[in-house]
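Colleague: I am new to this one. Please show me how to read its features, step by step.

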Amino acid sequence: MENLKGKNLVSCFDVVNQTWKEVGLMSDRLTAMLSKEIVENKLRIADDEVSDEDDLAEFFKDYSNVKIGLAKCIPVKTRGARKPDLYFGFQISLAGNLIDFHGNEDPIVYMIRFSHEFGFGHWYFKFPLAKDEDDLDFNVENEVVLRWKNDGSIAYGVKLLSLKNEHDLLDLCVKPLMSLHNGNSTKSIFGDDPEQPFVRFPDKSKLIA
């Protein structure tokens with residue numbers, strides 16, 4: 001550690017601590033806003049299956065125990081369903097293999113609507129996607145949306161540092177996800193040339209190991 005300065009090391013931990021404070025507040029607010037929007041779209045949240053605990057990820061195969069991700073999964077019942085058949089939510093990804101794909105250097109908030117439960121104990125966004133572990137039957141639409149062919153699961157990414165306030169959470173995270181759920185096209189939501197706040201994915205082949 002001869003090249004490290006004490007004040008620089010302390011500052012690094014201060015930044016990490018402050019980042020996680022803000023991530024926690026963002027997660028709480030985004031969960032509340034998304035839950036409200038889900039109900040307003042006449043879907044039923046399975047409240048008894050929503051965990052109050054934060055689902056956290058650490059650096060892969062690392063001994064520091066530094067947290068790099070937070071996931072929230074909201075089980076939903078569509079009309080007539082007796083048990084959850086959709087899962088809405090998000091994955092806040094700060095570093096490591098949670099954001100490591102070609103052309104990306106930003107922390108990401110993945111907005112998700114899946115037909116199965118997701119989270120760090122189930123399935124989550126990590127790169128590269130593995131042929132023997134992940135469902136690779138998806139397309140990249142308009143460089144922004146990942147859409148799985150077999151069940152219509154969808155996801156897209158927002159650059160974390162683009163989210164400055166509640167207005168951004170609503171307009172960049174909640175509204176586009178629900179618009180995709182309601183069947184609106186990717187181009188009608190994000191345009192022909194998606195704006196800077198949205199993550200642009202490379203060709204599918206570059207996302208897979």
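Modeller: Gladly. Keep in mind that this is a predicted model. Let us start at the surface, with charge. Asp28, Asp52, Glu53 and Asp54 form a negative surface patch.

Colleague: Where is Asp52 placed?

Modeller: Asp52 sits in the loop between strand E1 (44–45) and strand E2 (55–58).

Colleague: Is Asp52 buried or exposed?

Modeller: The cut-off for exposed is over 50% relative accessible area. Asp52 has 77%, so Asp52 is exposed.

Colleague: Now opposite charges. How do I read those?

Modeller: Side chains of opposite charge can pair when their charged atoms come close. This structure holds nine salt bridges. One of them joins Lys126 and Asp134, at 3.4 Å from N to O.

Colleague: Are Lys126 and Asp134 buried or exposed?

Modeller: Buried means under 20%. Lys126 has a relative accessible area of 15%, so Lys126 is buried. Asp134 is buried too, with 7%.

Colleague: Which residue forms a salt bridge with Glu141?

Modeller: Arg147 does; the closest N and O atoms are 2.7 Å apart. Glu141 is partly exposed, with a relative accessible area of 24%. Arg147 is also partly exposed, at 24%.

Colleague: Which residue forms a salt bridge with Arg200?

Modeller: Glu143, with the closest N and O atoms 2.8 Å apart. This pair links distant parts of the chain, 57 residues apart. Arg200 lies in the segment after helix H3 (186–190), and Glu143 lies in the loop between E6 and E7. Arg200 is partly exposed, with a relative accessible area of 36%. Glu143 is partly exposed as well, at 38%.

Colleague: Where does Asn142 lie?

Modeller: Asn142 lies in the loop between E6 and strand E7 (145–148). Asn142 is buried, with a relative accessible area of 19%.

Colleague: Which residues does a cis peptide bond join?

Modeller: Phe127 and Pro128, with omega about -5°. Pro128 is in the loop between strand E5 (108–114) and strand E6 (138–141).

Colleague: Last topic: aromatic rings. What should I look at?

Modeller: A pair of aromatic rings is described by the distance of the centres and the angle of the planes. A search of the whole structure finds 17 aromatic pairs. In one of them, the rings of Phe114 and Phe125 have centres 6.2 Å apart and planes at 55°, so the pair is tilted. Phe114 is in strand E5 and Phe125 is in the loop between E5 and E6, so the pair ties together parts that are 11 residues apart in sequence. Phe114 and Phe125 are buried.

Colleague: And another pair?

Modeller: Tyr156 and Phe190 form an edge-to-face pair, 5.2 Å centre to centre, with 65° between the planes. Tyr156 is in strand E8 (residues 154–159) and Phe190 is in helix H3, 34 residues apart. Tyr156 is buried, with a relative accessible area of 0%. Phe190 is buried, with 5%.

Colleague: Which residues form one aromatic cluster?

Modeller: Phe101, Tyr110, Phe114, Phe118, Trp123, Phe125, Phe127, Phe138, Trp148 and Phe201.

Conventions. Residues are numbered from 1 along each chain as its sequence is written. This is a predicted model: local features need pLDDT of at least 70, side-chain atom pairs count only at pLDDT 80 or more; totals for chains, interfaces and linings use all residues. Side-chain values use heavy atoms; hydrogens and water are left out. Helices (H or I, at least four residues) and strands (E, at least two) are DSSP runs, numbered from the N terminus. Buried means under 20% relative accessible area, exposed over 50%, partly exposed in between (1.4 Å probe, protein chains only). Patches are made of residues with over 30% relative accessible area and no salt bridge: like charges are joined within 9 Å, nonpolar side chains (Val, Leu, Ile, Met, Phe, Trp, Tyr) within 5 Å. Accessible areas come from the Shrake-Rupley method with a 1.4 Å probe; for residues, only the protein chains shown count as cover. A salt bridge is a side-chain nitrogen of Lys or Arg within 4 Å of a carboxyl oxygen of Asp or Glu. Lys and Arg count as positive and Asp and Glu as negative; His and the chain ends are not counted. The place of a charge is taken as NZ of Lys, CZ of Arg, CG of Asp or CD of Glu. Rings of Phe, Tyr and Trp (its six-membered ring) pair if their centres lie within 6.5 Å; planes under 30 degrees apart count as stacked, over 60 as edge-to-face and the rest as tilted.
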